[in-house]
Amino acid sequence: MTLGEKIKYLRNERGLYQRDLANALNIAVTTISGYERDDRRPNPETLKQIADFFGVTIDYLVGGKDSPVDYLEEEFPEGIKVLRRATKELTPEARAKMVKLMKAFLEDE
């Protein structure tokens with residue numbers, strides 16, 4: 001995947017419009033569009049903002065990894081293992097409860 005494809009993938013995965021991302025990063029919608037079409041490249045500062053916004057590394061955005069999960073597997077292998085198991089074994093209601101607990105845990109930090 002190209003940098004633009006990764007930005008678009010991450011944006012769509014979160015249900016955001018280009019204007020939502022542009023507003024969050026304080027840049028023009030046309031700039032986001034240019035990034036996603038690979039017509040433009042973000043400067044290093046904006047690249048860091050994009051990575052931070054999506055919770056991925058700059059290496060993921062510009063590197064060879066095709067999935068942010070690859071990065072998560074390296075940084076949090078046991079957590080990914082539990083999430084994969086939950087996806088297979090838990091009911092939708094139980095998964096929703098698990099997500100709610102994880103969000104509550106993070107808010108306490």
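Predicted model: local features only at pLDDT ≥ 70, side-chain atom pairs only at ≥ 80, totals over all residues.

Biologist: Which residue forms a salt bridge with R37?

Modeller: That's D39, with the closest N and O atoms 2.8 Å apart. Both R37 and D39 are exposed. The structure holds 5 salt bridges, and another one of them joins E89 and R85, with 3.0 Å between the closest N and O atoms.

Biologist: How do you know that E89 and R85 are separated by about one helical turn?

Modeller: They are 4 residues apart in helix α7, so about one turn lies between them. In general, an α-helix has 3.6 residues a turn, so residues three or four places apart point the same way.

Biologist: And what makes the buried residues of α7 line one face of the helix?

Modeller: The buried ones are G79, I80 and A86. Seen down the axis of α7, the buried residues fall within an arc of 120°, so they line one face. On the other side, E78, K81, R85, K88 and E89 are exposed.

Biologist: Why is the pair F53 and F54 called edge-to-face?

Modeller: Planes over 60 degrees apart get that name. The planes of F53 and F54 are at 80°, with ring centres 5.0 Å apart, so the pair is edge-to-face. F53 is partly exposed at 35% relative accessible area, whereas F54 is buried at 4%.

Biologist: Why is T46 called buried?

Modeller: Buried means under 20%, and T46 has 8% relative accessibility, so T46 counts as buried. T46 sits in helix α4 and touches I27 and Y35, leaving aside residues up to four places away in sequence.

Biologist: Where does the charged end of R19 sit?

Modeller: Over the ring of Y17, 4.8 Å from the centre of that ring. K6 likewise lies over the face of Y60, at 4.8 Å from the ring centre.

How values were computed:
Residues numbered from 1 in each chain as written. Heavy atoms only, no water. Buried < 20%, exposed > 50% of the residue type's maximum accessible area, 1.4 Å probe, protein only. Helix = DSSP H or I, 4+ residues; strand = E, 2+ residues; numbered from the N terminus. Arc of directions from axis to C-beta. Phe/Tyr/Trp six-rings, centres within 6.5 Å; stacked < 30°, edge-to-face > 60°. Lys NZ or Arg CZ within 6 Å of the ring centre and 35° of its normal. Contact = heavy atoms within 4.5 Å. Salt bridge = Lys/Arg side-chain N within 4 Å of Asp/Glu carboxyl O.
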